[in-house]
Every structure is written in C-alpha cells, then in structure tokens.
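Reader: I would like to go through this model feature by feature. Please give the general idea each time, then the case at hand.

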Amino acid sequence: MWTRQSRDCFSRWLVTLVGYSVLLAFAIIFVFLVWQVWPLFQPASISAQSAAESSMPYSYQVEAQRRQSGSSGLLWLDNGLDERVQLHADGRFRWYQRLDGDWQLSLQGQLALSSWQAAVLLPGSRTLLVADQEALVHSWFRLHQQLIDRPGIPLHQSEVLALIPLSADTFFSLHPEVLHWHHATTGKRLTELRLSDQPLQQLQLSADRQRMRLDWGAGQSKDYQLHWQHPAVAGGQLWSKVHYEGRREAAYVWQTAAAADDSSPRLSLVPLTSGTLKAAAYAMLFATPLAILAAVFTAFYLPERWRHRARATMEMLESMPTVILGFIAAFLLAPWLEQQLMLFFVLLVLVPAVLLVCSGLWFHWRQRQQKQAEQPGAVLVLSLVAGILTAFMLAPVLEHAWFDGSLLLWLAGQGIDYQQRNALIIGMAMGLAVIPSIFSLTEEVVFQVPASLTQGVLALGASRWQTLSSMVLPVAAPGILAAILLGLGRALGETMILIMATGNTPLLGFDPFEGMRTLTASLALEMPEAAVGSSHFKVLLLAALLLLVLTFLINTLVSLLRLRIRQRYQQL
Amino acid sequence: MQTAMPTTMQTKVAIRDFSLWFQHQQVLDSIELTIPPNQVTALIGPSGCGKSSLLRAMNRMNELMIDCRNQGQVLLDGQNIYQPETDVARLRCRVGMVFQKPNPFPKSVYDNVAFGLRLQGERSRRRLDEQVESALKQVGLWSEVKSRLHQNALTLSTGQQQRLVIARAIALQPEVLLLDEPASALDPISTLKVEELIYELKATYTVVIVTHNMQQAARVSDYTAFLNQGRLVEWAATHTIFTQPASQQTEDYITGRFG
Amino acid sequence: MRQWWQQGSPWVWLSASALLLCLGLFMALLGLIAVKGMQHFWPAPLVQFQLSEQGKPQLGRLVRQISDRSEAATNRLWLLDRGDGLSKENAESPASSGRYLLLEAQQLLPERPSNAVLVQLHDGRTLYGTMLDAAEVWQSQEQAETGLWLELASQRPVLLPAEDIRAYWLPNQLSLWQRGVVFCQEWRHFLTAAPSQNQSAGGIFPAIFGTLVMVLLMAVLVTPFGILAAIYLHEYAPKNWLTQLIRTSVYNLAGIPSVVMGIFGLAFFVYVLGGSLDRLFYADQLPAPTFGTPGLFWAALTLALLTLPVVIVATEEGLSRLPQAQRLGSFALGATQAETIWKVVVPQAAPAMLTGLILAIARAAGEVAPLMLVGVVKSAPQLPVDMQFPFIHLERKFMHLGYHLYDVGFQSPDAEVAMSLVYAIGLVLLTLILLLNLSAFLLRQRLRRKYRLID
C-alpha cells in the first residue's frame, strides 16, 4: 500500500541508491582495470602437478647432450625452423640457414670464449645462448651476415648441466639440484625449482609449453605446471631499455604487430608515455600564455557585457568536437606549416615585438597629451593586423637572406628531419582545444577576487595593471594553477587530434619537428585489434589505467586548489 | 526569568525546558513558554536572539537546517511533538507557518492554495474549489483574485503574495499559525491589511507571531514574550509588558535603548 | 620608458591581443568550415583544358590553386578535378590517369562551353562531359533509348541510361537562382542519402541517423541516473566524508579521458557484460557473438557514463539556484521530503536538467574516440532502427558523424574528393553541436532570470 510515508521512504532509498552508485561506478572502473592488469605483474612460477598419462612431444636428454658435446667436441643446435648452428668445443661455429629448402652456410667464425659448458639455439629465433665456465650465459643473434652480441645473462651457479629452450625468449638452465628459468631477452631470472640430488635424465615439455615432466630414469618422474602468462612483460620490458633480437642496440620499443621473425610483441610504454608528455607539453606551451593572458584581460578589463560574450564564445569553443580540430590540423595546418615554416617563426617573434613597440609609442603619445594610457581599443587591433602583415611580407625576404630561400632545405642540411605532422602542429591544434578549459577557470577566479581588495589597491593610486599584478594575481594564483592543471588533464587525455595529426610513430625525444605516438592514440587504434587477454591487451589496459591514475591525481589536485581558493575568497 | 501569568489559563502549545543548538552554538536556552489558544502571542527581541528558531521549533522546521540538536519538550495539546513517532508532515499540517518573504510557488493562485490540500489526498474538484475560495475569502483576497485564479501567483503584488501564502497555510485549517515577521517585506498599506487579518484569524486559530516591530506587537498581540540571547526574559500579557515591564532588559528594549 | 613598463602597458596590450587572437582563431575556424563545407555543394562552372598543344580539349573543375615551392621560384599550379569519367583506355598516359591533375595556367583554355554537363550517377560517380543533342546522335546510331548522350574525355559519345542518373546540370549556363536550387538539392541529397563508393561520395544519412539514435538512447540511460544522483547530492546527502567522496568521484568521472572510458566500455561492458549476456541468453548463436561485440547499446552506455557528470553538475547547479524559501514553504504545508522534491523542486529545476541533458547530448555527439572502440563502424549495412521486430536493434553496429568524418578523411583512397566532403560533414556536425550548445546556453540564461524573479 502506497502511503505518503512509504512513498517518501521509497524516494529516499531510490535517490540514495543512485547517489551511491556514482561512487560505485567510479570504483568499478578503477577496480576493473586494476584487476585486469594485475596478471601482468604475476611472476612466472612452477608448481607440482599430478602426473598425466599423455606423453609430451618435446624432450631433452640431459646426459646425452653432455656426452655428445664432451666426446666429439661438436654440437649441432637447431631452432626447429630454419636455423642450425654447428658449435665446436673451442668456440668455433658454423651457422647454417635454410633457404628454399637447402641448408646454406651463412656465417662462420669464432665465439669470444675459449670453452663452454652448454649451448642452445632458442626455438623459432636466431638467438644462440652459450654458457661459459664463469656463470654467464653469452647471448648472440644473427642479423643478416653478422653476429650481434647482447648483454650476457648472469647465472647463479657456475656449473651448468644443460640449457633447455622453452620459447623464443625464455629458457631453463639446469644446474645440480636446481632448475632456473630465465628470460633471454632481458636476462632476468623468472623463477627457480629445487630438485633432488639425483642426476636428471630427461626433461619433457608439452606442446603448449604449459606443462613439464622431469624424468630421473628408472620410472621416477614428476609433472609440473608452468605459469607464465605474460613473459613479454614479466622481464620488465615496460619501462626499461631492452636489446631485442634483430636490433643493433638496446632500445625502448613499442611494436605490437609481430614481424616475421618476432615471436612476441615488444611492449615498452616509454615511447608512448613520452609521446603523451611531449604532446601535452607543446599544447600547454601554446595554450597557457594565450589562455591566461586572454582570461586576465577578460576578467579585469572588459565591460560586463563583453565579458559575457567572450565567455559564451569560449564555451562554444570548448564544445568544438576535437575530431574537427584534428582534421583541420592534419589537412590544413600541417601542409600550410610545411610551406610556411619561416612565416610561422617570424609571426611568433614579430607580432609580440610589433605590439610592444606600438604600445610604447602609444603610451608616449598619450602621455604627451596628458591622458590616461589604458584601454587601447582600435589602435591595438590595428597594430595587431600591422604586425601580422609585416610578418607576411618579411618572411620570404628573411628566408631568402638567411636560409637560401628554403628553411626546410636548410634544416635538412643541418640534419634536422622535418615531418609534416609534428609537435608544432599538435601544439597549436591541441592548444586550441585546451585554451577554453584554462580560460574559463582562470577568468572565473580572477573575476571573483573580492572587490574590496582591488579597490583598496586602486585607491592607493596604482594603475589597473599594478593592482592586477601586485594583488589580484597572487591572490588568485592557486586558482590559475588549478586552471593550468585542468588544461593539462585535458591535453593528456585528448585522442582524436593526436590520432589524426601526429603521424603516430612511436618516437622518443622532444624534437618539435617530429611526430609522436601517444598512449591515447595507441589505445584507440590498437585496442579493437588486440586479442582479449593477451599481453598486448593487458598492456593497453595498463596504459588506460596509467592515464586514469594520472588524470585522477590532476583532478584531485584541481579540486583541492579550487576548494582552497574558495576558502581564501570567503575569508577576505 | 520572570513570568507573571494567571495559572489557570488554557494551553495550546507548551514549551518546556527547551534548548536548541546549531552545530556547537546554543541558540535557545531552557525556554519555558505557554501559548494560549485563540490568542495572538508575539515573540520579540533583538535580532539573533532566537525568536525565529523558537517559532520554528513549534513545527520542527529547525530540523531542515544542518546539524541541529535540541533538548526539552514542545507540547501541542499535551503531546510532545519531538517524540520519535511523531508524523512530522501531519504536525506541520496542524501547525502552519508563514515566512518573512512571501514564497508562493510559481504556479497559479489556485494551485498554490490547493497545494497542501492535494497533498492531503483531496481530489474532489468541488471540495477543493470550496476550500480555496473560503481560504482566500478569509484573507480578504478573494475579491481581488477571483477573476485570475489561474494566473501565475508571481504576478500578484508582494502584499497580495503574502496574503496568498497565509491563505495557503490556513487552507489546511491548522490549529496553530506561526508567522515569522510576516509584514517586514511589505509596504505600510499591505502591512496594515495583514495586521487586520491577524486580528481576525485569532478567532479561529492560535497565532504566534515573530516581529521586529514593537508597535506591531503592541497592536496585534494579546501576549508578548521577550527573548534575549536565547533566553526568555519576560512573558506576559501585552499591555503589561508594554506598560510595566518587570525586567530592566525588557524596558530597555521596548523603549528603544538597545536592539 | 620606465613608467610604460611599470604601469603594465605592454602586458595590457599583450593580454588584449591574446584574447583577440583566441576569439579570432575560433571565428576563423568556424568561417573556414562553413565556407569550405558550403563550397562542396555549390555548382561551380566547368573549365576546359588541354594536356598538350594539339590535345583534345577536356572538361574539368578547378579545385584550388597550389603554390609549388619545391624549386627556387614559386610556381603557381592549378589542381583540377576531371571527374570519374576517365577509363584506362582513354587516358593519355598512365601518369595522368588519375582523377586529379596539376595544370599550369597556360594549359587552361579561356572559353567555357555552355553545353558542358555535370552528371551525378546513382553509384556516386561524378562525370564531366559535353552534352550532345539527342536527335543528332539518334540519326547516326538509330536507336532511341531514354538517357543522356554524353561526350566524355574519350572520343565516342556514350549513352547514360536514365536510371543510372541521379541528377545532372549544365553548370556553365545556370543563373544564380538555378545555382541556388542545385545547391539546395545537393544538400538535401547529402543529408538524406546513404554513402556510396568507399564512403567518398553520396550522402551521410546513416551517420546522422546513427548519431541521433545513439545519442537518444544515451539520453534515456543517463537522464534518470544523473538527475537522481544530483538530487541525492543536493537534497538528501548529509554533509560528511562519504558525500565528499561521491562529489570527488563525480569530478573525477568528468576528468577521465574519453578514450579510457572507451577502453572500459570495451573491456567491461562488451567483453565482460556482453559476453555473459551471450552465454546466458544467446548461447545458441555462439561462438558468433550477439552482445559480446561492440554495438549500439554498449556505445550508448559508455557515453552515458562519460556524460553522467555533465548532467549531474548542471542539475545540481539548477537545484542550488532554486531559493530555499520554496522548499521551506512546501515543508511548512506538511509536505514530506519526497513531495517537496517531486512537486516543488524538480518542476522548477526542470530547465536546468534539460540544460544538462542538452550539454550531455552535445558532448556525446562530438565524441569519437570511445566510439571507435565500442560500436561505431565505417559502414553499417543496416540502420539500428527499422521495421523488423524488435525495431530497435541494440546489438547492431552503427555509423556516427564524427567517426564518418575521421574515416572519410583518413581512410579514403582519394584524399582530394575526401577533403571537400569532410568539410561538409564537419559543417553538419559542428552546426548540430553548436546549436545544441547555444540552446543550452539560452535555456540557462532564461532559468537564471526566472529564479531571480522568484527570489
């Protein structure tokens, strides 16, 4: 029965439930991402398992291998696909490669060691691992007709019974009484398994390489389960330099589409993170001065009616879909800048210079006339236009005089690579997207500075600007900082402009003439193609989590600062 | 506290040892007050003395403020309204209230008056019409608005709006009517009308009025209570208070030496 | 000089020009998109050009002038559109077989033949040719089919069957009024037809329709939720740390990058929720997923989550501007809290809620990144709403204006065709969003005036 009380009660419950569920929604996003990403950081492990009936297809005879290399001083290694290495006891080797069905010698020489204990060619790869006498596994791979040396993998025990390949980038090293599991690419030891002191006869692996059987002979064997869901991340590739097979040196690499000789994706978040930071930095560089100056002027100098109009226009600009900005940046701005790079720089320098000169002249003139020198009005518009026009006229002249007619060619001559879609473009396009956020908040906090303060300073005979810089801006500073952070948060999370106008190459560094690939662009472009549950998928989720945490921190800081400024205004 | 009242008088609302805190600040301190039925009781005192809070305590409107705590009893016909089982909505129907500034809903005049009745589940159009008409007639607004019952109430003048919200309150036929400075936002003529109205209303209702205006208290009320700093200083028949106040504070206040 | 600096004159100048620059850039951007978008439909005259001295004059449309700065001297070239009428055999050389051509000024001929015709085919192709008098051709060919005889770049006249032709006009002899009519007709076609030919021609109706359906569905999801949450925060919530936490999470929800929300939508809504739905209700169709794949519903849900803070903040602002006296008046008449909220507060704050909803819709209409992940496709074979039961197909993929823009601009094989089309799409999208925002703005202004009246 619906009485008035029960209706009241129901309404309270319903509304409260919805109110709490907002919190719940936010928590779910966070917890879900953490839960998804968690397995990435699960270390690899080996656990005992009850013996299964089925036999395992890959088996390694520990004793036989030792005997072979010991007796003849010669070992044949095979990657199971198209590479074979003949290795002598003294370190001489001959490297064969299968081309069109024939084995051809592609490389021969002497390894940089005189004796060795065990060696292995990792399955499906071109990496040769050789354990020496001093507890170090040397690692080489063949790149065309060359042998590239990689950092060695330290072992924890000097006596090596065998090296047993598990996958293209992990292997076991068998020592007396212990089995170690290593990651070949990063050299990290994943985990270890203690064994009895009996000599191991045979090690078998299942086809999916998730199970392992150890055989000590005489019917004594034991099965193990191998847990290694995300070896590409377990070795710490996300944030450190890695020397991948097929490359000449260690690097941060983001390369998800596996090339022909690749077995696992290369997932370093460093280039993407640096790309995101670079894009945000250039956008802030462009947007912050413009937005703050414009906001200060709007709040402090414009009459109420015009202030409202400026605010409304900025609100409209804020709602501009970024896909449109991105497209303008890529198709209009980028070709234009490539043609008119010189003009861009001349504008950058000349317009402020002309403005300053005009302002000085005007000030002087007004003073001669004994008039107030504020609120320039039309003169300002004229000098702005004059500055821009001068830049247009001067740019070709300067380009001829200084750079033989083409700045681009000159840059190329200096070894600077100019990409059409570069950080300057991003700075301008994303700057335009960020300006309204910074503007709105700055304008608000500057405008809300209590009038009692400003009137006090004005009454002392200060000019409006002096009032502004000596009293208003220091008081409003936390609010302006909040505005900048808000803009930064938006720049970090922006996607469409970055997809469209960056070129999407994962590059490191802060070169203004190069593009970048950002976290957000990678998320949007790669997520639909990543296999659910794969390392790639999870690393993308990790990138999303990273962005989430970053923006969370920024937003929390922003609300704290806003709270602080509100309290400050109330006190005054 | 000095009270000089006939002990045999009837009681509509009795406030017993009532104290009230907002956050950590005590607003009312052990108030003892009796409101006689069908009389006008005026609460006077300097601003911030707690007279409005005392008024709101009589229909538990204070609870709508954040962080409010009270102690003691307010008895309406002998029933403590601060018992946990009290139906607050029902209580507020019995104890109507009118605020300082007129606050009609942005609905038609008719809907404003019928608002409380509809909440009570009155659906019959005929009965609603009757009660709206009678409420408007009681406040003397009927002749002024009968032709525009379905116009937005915000189009009325401020004085009319204030009488409208009184009509809205008495349409529910409350037993007690609380008026919180009902004339302070009005011009002199509207004030006069409202004062006349209060005088007429006491025939039917028990009226408690908070006022700043000493003359108003003298004109319309039968009893007057003087509060200062959350305490009841003096409570007596109006003519007594205004002619021979028992306390020095009261005298200072009504002669305009402070407040 | 010192005084000039001390009084802050240079700073005033710089800040004023910063404001001018910001607003100027915005206006220039709007103007540019408007002009370029309109240009796409304006029937410009066709010109004649010769590839060589003796070459046969051909027809084309001037696209724009290009200044070639690769050499020391700046060289002005014309980019010319030859239409889709070219076939391989009649191209002069493999190099010049493309639809677009760079010409030097002297290759253009001054005369503009009045019988030059522009034909739009149903399959999205555009042909430029010379219209021939049907009677003349019939004499030689002796057959009478309905259609248009056209001389294209090749020598032989071609008959275009009438059923292939969507529209044609003679651009060189249209009066201004007729041009206006063609312009309007082309706009109508653009807004109501489906895309054709790799998206680079035809209309954008499915994209508009998909955007609207998605946005409406999102509005249905987000409105009750956002309004109730705002009511909780403003009317019910006690002042304690939990409320503070909820408020913080609203602000943080607003700050989450939209693409992260898209990732969450894909990984949680689509794969987890959708996957479970499939296992529970559509097990017979597995492994082909029904809800376990991106689709309309998940896109709407993701955007609802994204725009939730917009609705909450706007609604709460409206609630906080409603004078407290209104609530007290209602309570004093014996109303319960629910009655006060639903009969007094909500009706008066409704415009604020509407404002929030409009802002949310404007935001959702402009978002692309999350949609790329949760359900938008470049070309959807079916509309998400049709006459088949259950009429709204929540699991279908759909097209979206913003994504269509991205797709046409970046995935299209023919960048030049795409360019002018993209401006037109951008114009439609921008108009939609600016109108929505403008109406939200005006609504809010009106509401503020009204509250000032009540108080």
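Reader: Where is Asn504(A) found?

Author: Helices and strands here are DSSP runs (helices H or I, at least four residues; strands E, at least two), numbered from the N terminus. Asn504(A) sits in the loop between helix H13 (496–501) and helix H14 (519–526) of chain A. This is a predicted model, in which local features need pLDDT of at least 70, side-chain atom pairs count only at pLDDT 80 or more, and totals for chains, interfaces and linings use all residues. Residues are numbered from 1 along each chain as its sequence is written, chains are lettered from A and ligands numbered from 1 in the order in which they are written, and side-chain values use heavy atoms, with hydrogens and water left out.

Reader: Is Asn504(A) buried or exposed?

Author: Buried means under 20% relative accessible area, exposed over 50%, and partly exposed in between (1.4 Å probe, protein chains only). Asn504(A) has a relative accessible area of 16%, so Asn504(A) is buried.

Reader: Which residues does Asn504(A) touch?

Author: Contact means heavy atoms within 4.5 Å. Leaving out residues up to four places away in sequence, Asn504(A) touches Leu498(A), Ile499(A), Met516(A), Arg517(A), Ala521(A) and Leu525(A). A polar atom of the Asn504(A) side chain also lies 3.0 Å from the backbone oxygen of Ile499(A).

Reader: How is the overall form of chain A read?

Author: The radius of gyration is taken over C-alpha atoms, and the globule rule is 2.2 Å times the number of residues to the power 0.38. Chain A has 33 Å, whereas a compact globule of 572 residues would have a value near 25 Å. The C-alpha trace of chain A spans about 110 × 90 × 40 Å along its principal axes. Chain A has 15 helices and 19 strands, and 53% of its 572 residues count as buried.

Reader: How many residues of chain C are in contact with chain A?

Author: 88 residues of chain C are in contact with 90 residues of chain A. Buried area is the accessible area (1.4 Å probe) that two parts lose on being put together, summed over both. Between chain C and chain A it is about 8400 Å², with carbon and sulfur atoms giving 79%.

Reader: How many salt bridges does the rule find across that interface?

Author: A salt bridge is a side-chain nitrogen of Lys or Arg within 4 Å of a carboxyl oxygen of Asp or Glu. The rule finds two across the interface of chain C and chain A. Arg4(A) forms a salt bridge with Glu339(C), with the closest N and O atoms 2.8 Å apart. Helix H2 (residues 9–39) of chain C gives the largest share of the side of chain C that touches chain A, 22 residues.

Definitions and conventions. Polar contact = N/O pair within 3.5 Å; in protein donor to acceptor, adjacent residues only side chain to side chain.
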